[in-house]
Amino acid sequence: QVQLVESGGGLVQPGGSLRLSCAASGSIFSINAMVWYRQAPGKQRELVAGITSRALTNYADSVKGRFTISRDNAKNTVYLQMNSLKPEDTAVYYCNALVVTTNLYQHNYWGQGTQVTVSS
């Protein structure tokens with residue numbers, strides 16, 4: 001019913017920047033929270049940043065001051081601007097959205113993930 005498609009990952013040198021996008025499509029009535037998670041090899045998935053429908057945000061301590069989450073409600077899209085990237089930011093980044101579908105039920109959806117590699 002609803003698909004989340006991430007884009008923008010890739011290979012970047014330490015200190016560089018990337019911008020991730022996650023576009024939601026399908027039977028959407030509204031989208032509540034949109035969240036970015038990441039999972040590094042051998043580690044548990046962790047929350048990176050989240051944003052509510054009213055643009056309230058929260059960040060993991062490890063990315064505060066370096067990453068910025070934003071959303072375009074008209075496009076059903078959430079962004080993650082990542083600056084001053086470090087090797088420890090290397091992970092698969094996943095988009096998550098709490099979506100109210102057109103039948104007025106709320107569901108939790110995940111994207112397929114996009115790889116971010118920070119290396120010289």
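## Terms and model

Helices (H or I, at least four residues) and strands (E, at least two) are DSSP runs, which are numbered from the N terminus. With these terms, the elements of the protein chain run β-β-β-β-β-β-β-β-β-β-β from the N terminus on, and the chain has 11 strands and zero helices.

The structure is a predicted model, in which local features need pLDDT of at least 70 and side-chain atom pairs count only at pLDDT 80 or more, while totals for chains, interfaces and linings use all residues. Residues are numbered from 1 along each chain as its sequence is written, and side-chain values use heavy atoms, with hydrogens and water left out.

## The chain as a whole

Along the principal axes, the C-alpha atoms fill a box of roughly 50 × 25 × 25 Å.

Of the 120 residues, 41% count as buried, where buried means under 20% relative accessible area, exposed over 50%, and partly exposed in between (1.4 Å probe, protein chains only). Among contacts (heavy atoms within 4.5 Å) with a separation of 6 or more, residues 24 or more positions apart account for 55%.

## Strand E4 and its partners

Two strands pair if DSSP finds at least two bridges between them. Strand E4 (residues 28–39) pairs with strand E9 (residues 91–101) in the antiparallel sense over nine bridges, and in E9 the bridge partner of Ile31 is Val99.

E4 also pairs with E5, again in the antiparallel sense, over five bridges, and here Trp36 stands opposite Ala49 in E5. The hairpin of E4 and E5 has six residues between the strands, and in this hairpin Gly42 takes a positive phi near 75 degrees.

## Gly50 in strand E5

Gly50 has its place in strand E5 (residues 46–51), and this glycine is buried, with a relative accessible area of 3%. When residues up to four places away in sequence are not counted, Gly50 touches Met34, Val35, Leu56, Thr57, Asn58 and Ile69. Asn103 is 53 residues from Gly50 along the chain, and the C-alpha atoms of these two residues are separated by 25 Å.
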